[in-house]
Every structure is written in C-alpha cells, then in structure tokens.
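Subject: Structure for your review

Dear colleague,

Please find below the structure that I am handing over to you. My notes on what was found in it follow directly after.

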Amino acid sequence: MQNIPLVNVKAQFAQIQTEAEKQVLEILRSGAYILGQHNKAFETELAEYVGAKYAVPVKSGTDALFVALRAAGIQAGDEVITTPFTFIATAEAIRYLGATPIFVDIEPESYCIDVDQIEKKITPKTKAILPVHLFGQAADIDALETIAQKHNLLIIGDACQSIGVEYKGRPLGGLLTAECYSFYPTKNLGGCGEGGAVTTNDPEIADKVRILRAHGMRETYKHETIGYNMRLDEIQCCILRLKLQKLTAWTKRRQEIAKIYNAAFQGVAGLQIPLVKNYSNHIYHQYALLADKREAMQKYLKDNGVGTAVHYPILLNLQVAFADLNLPAGSFPVAESVAQKIFSIPVYPELTDAEVSYAIEKVREGAQL
Ligand SMILES: Cc1ncc(COP(=O)(O)O)c(C=O)c1O
C-alpha cells in the first residue's frame, strides 16, 4: 500500500532547502528581522507575479482580508456580500470591523458566488462584495463589476487559494479594489509559518494597508491612526521569494495532474470532476471531486493510504459563530448540496506519476462501492 498524504509541505521545502538554509542563516546573523531587504524585494516580486501595481505583505490571509476591508473604508453597520461556502476567515474579517456578512449562494460549477443572486441581497447598507476565488479559479469579475458599478459598491477579492489565477487572460491581482492572498504553509505559495498579502492598483489602498500593518506609522513613532502589528518578518519573505521562483512550474505540474485526473474520472458513475469556467484558468489549490457516496469513498481512500479532506463540510451560516444571522439549513441549497458531496484529493506538484496512478486507481475503485 502507498501512503499519499493530502498535502506534503516537507517535500516542497526539500526543493528550496539548500538555498533557504543558507539565506535564513544570513538573516539570523544579520539582525535585520522585520521590514528589511526581503520584504522590499518580495513586495516588488509578488506585485509583478499577480499583476498588481502594489503588494503589501502582512501576517496572514485573514489579516489581509481584514486590513483591506478597513483600508477600503468598511465600517461597523455596513453589509458586505460574500459566500457561505468558504473558510471562515472570509466572513470573520467582515465581522472584525463590526460589519455584517450577507451570504449569497454559490453557482454549481465553480463553487464561487452566484452573481445572479447578488442584487436581491443589496440594501442601502451594502458597501462591498467579497467574492472568494475558491480552490484556484476566479469568480466572475466582469459580472461582479457590472453590479458593483450599478450600485456603487467596492469589490475586495479573497484570493487566498488563488495565487497565479487569471481572469480572461488577465492576472487577478490588480483587477479589483484589492485582492487578498494567504501564504499559510499548505497554500500553493506557502511560507514556513503564517503569511499573507494585500495587492491592489490603488495607491491609496496600498498606502493605507502599509500604514495600518505597522501601528498606523509612516514615520517612526508618528502614529496617524490606530493600526496593528501585522508586518511579515524577513524569514517568511525570504522563504516566499525562493518559492515564488518555482511557483509557475509548480502550478503547471498541478494543472498536469488535474488533467490526468480529469481524464481518468470523467464519466465515472457517482463522481463529478471539477469544472472550469471559460473566463478563468485553474491553479488547483484543491482538486475537489463530488461523490454521491462520499463517506464510503473517503473511508476507502483512507484505508488505502490516500489522504482526503472536505472543504467545507459546514456552511458558514450553519456555524455556531454565525447563529445570530438566523440563516437555517435550506437557505443556500446549492452550497448545501455541494458541501454534502465534495472532497479533495492530493494534487501537490511533488506527486510522482506512480502516486497519481495509484490515487486514480483507488478513487475509481472507491466509486464502485
Ligand atoms: C478562502 C480563504 N480565505 C481566507 C483564508 C485565511 O488565510 P490565513 O490562514 O493565511 O489567515 C484562507 C486560508 O486559510 C482561505 O482558504
């Protein structure tokens, strides 16, 4: 039996190990740990990679979402439209500001927000839309822009799972008011700890995020506003820079594996392969299948050494943390049905062809249970 975990952070580190150990040691010996040369260089390299004028690294994807919303002017009492089928951080960030997340169902192919259902949720309190580019493909930016322009709303994107995604051939990072990225270790670009970034083409947003992440400070000990301690340290920036050099090749390998999976699972009874909208590419942060008999499938894969996980088993409106929103089961039928069937299988670039074949064999067997 083979053992193929869902993610393998150690295998990824091995690819940068020699250079990383050398450079981290240099940082340790330099004494320059915060906002040094690696932060500066990472800002430029990341901005270029995601197609934005500015990239401001912060402590996590959650911080990126929170601080981007604050920089865009979201305040207590405002409403922000988003999806219930995401990691909780998306809606937590809205709540941190005293604003209210207003959930809209997802569309059944991309699992991103169903743009056609947004307008009926807009009220005089609505200030922004927060689409999640889930699993590695973009939400429908043009359709969102049309609604945002009509109702004078901002759009802040949650691209925590979508570094390197393109919408209609244009890199995502500069298309909206701001995009928010996560460098959590298991992300496509993952650090050796927490990390995140806000990217934008708007100099004012970039400037505000830059100040907010450092105690509201532009000049040492001059505080323009109450800010936060959200600076990403030099060791993280250094590791992320090294990995960024490899990210395009890693993404290609993820796409190659997904293509092999798609061909192997297409038409298998009881299984639905991930679908990709024609306006987006897919960078497969997750390769997520729908299975009619998910529980049996997951057990079979576990028993045969193939790691899986469910992203996400419980919609945000059904979480205790959002009980006050009073949105019972049945409120978002598409997301609910997807949440009951979805599961992710390993798709990281270090998988060997033999491991991919083994995973395919076991998934196909699992579908026959
Ligand atoms: C969709 C989504 N939003 C937000 C986050 C939060 O990012 P972080 O864990 O870096 O705070 C994550 C990742 O964990 C995520 O997947």
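In which loop is the place of Tyr312? Tyr312 sits in the loop between helix 9 (294–303) and helix 10 (333–341). Please bear in mind, here and throughout, that this is a predicted model.

Backbone particulars

Most peptide bonds are trans, and most residues other than glycine have a negative phi. Two places in the model deserve a look on that account. The peptide bond leading from His311 to Tyr312 is cis, and its omega is near 10 degrees. Lys168, a residue other than glycine, has a positive phi, near 50 degrees. Lys168 belongs to the loop between strand 6 (166–167) and strand 7 (170–171).

The ligand and its surroundings

The ligand is surrounded by 15 residues, of which Ser60, Gly61, Thr62, Cys160 and Ser182 are the closest. By class, the shell around the ligand holds five nonpolar, eight polar and two charged residues. Helix 4 (61–71) contributes at least two residues to this shell, and so does helix 5 (89–96).

Those two helices also pack on each other. The axes of helix 4 and helix 5 are 9 Å apart, and the packing angle is about 40 degrees. Helix 4 is therefore oblique to helix 5. The crossing of helix 4 past helix 5 is right-handed. On the side of helix 4, Gly61, Thr62, Leu65, Phe66 and Leu69 take part; they meet Ala89, Thr90, Glu92, Ala93, Ile94 and Tyr96 of helix 5. This contact of helix 4 with helix 5 comprises seven nonpolar, three polar and one charged residues.

An open sheet is formed by seven strands, with the order 1-9-8-5-4-2-3 and mixed pairing. Strand 1 (54–58) and strand 3 (100–103) are the edge strands, each pairing on one side only. From one strand to the next, the twist averages 25 degrees. Within this sheet, strand 8 (residues 178–182) and strand 9 (residues 196–200) are paired in the antiparallel sense over four bridges.

Another open sheet has three strands in the order 12-13-14, with antiparallel pairing. Its edges are strand 12 (271–272) and strand 14 (342–345); each has a single partner strand, so one side of each is left without a neighbour in the sheet. Strand 12 pairs with strand 13 (residues 287–291) in the antiparallel sense over two bridges. Opposite Gln272 stands Leu290 of strand 13.

Packing around helix 8

Helix 8 (residues 234–265) packs with helix 11 (residues 353–367): their axes come within 10 Å and cross at roughly 30 degrees. Helix 8 is therefore roughly parallel to helix 11. The crossing of helix 8 with helix 11 is right-handed. Ile257, Ile260, Tyr261, Ala264 and Phe265 of helix 8 make the contact with Val356, Ile360, Val363 and Arg364 of helix 11. By class, eight of the residues in the contact of helix 8 with helix 11 are nonpolar, none is polar and one is charged.

Helix 3 (residues 37–50) also packs with helix 8, at an angle of about 35 degrees and with the axes 9 Å apart. The crossing of helix 3 and helix 8 is left-handed. Helix 3 brings His38, Asn39, Ala41, Phe42, Glu45, Leu46 and Tyr49 to the contact, and helix 8 brings Glu234, Cys237, Cys238, Leu240, Arg241 and Leu244. The contact of helix 3 with helix 8 has eight nonpolar, two polar and three charged residues.

With kind regards

Technical notes
Residues numbered from 1 in each chain as written. Predicted model: local features only at pLDDT ≥ 70, side-chain atom pairs only at ≥ 80, totals over all residues. Near = placed C-beta within 6 Å. Nonpolar A, V, L, I, M, F, W, Y, C, P; charged D, E, K, R; others polar. Axes fitted to C-alpha atoms, helices over the stretch in contact; angles between N-to-C directions. Parallel < 35°, antiparallel > 145°, perpendicular 65-115°, else oblique. Left-handed = near helix turned anticlockwise from the far one by under 90°. Contact = placed C-beta atoms within 7 Å. Pairing = 2+ DSSP bridges.
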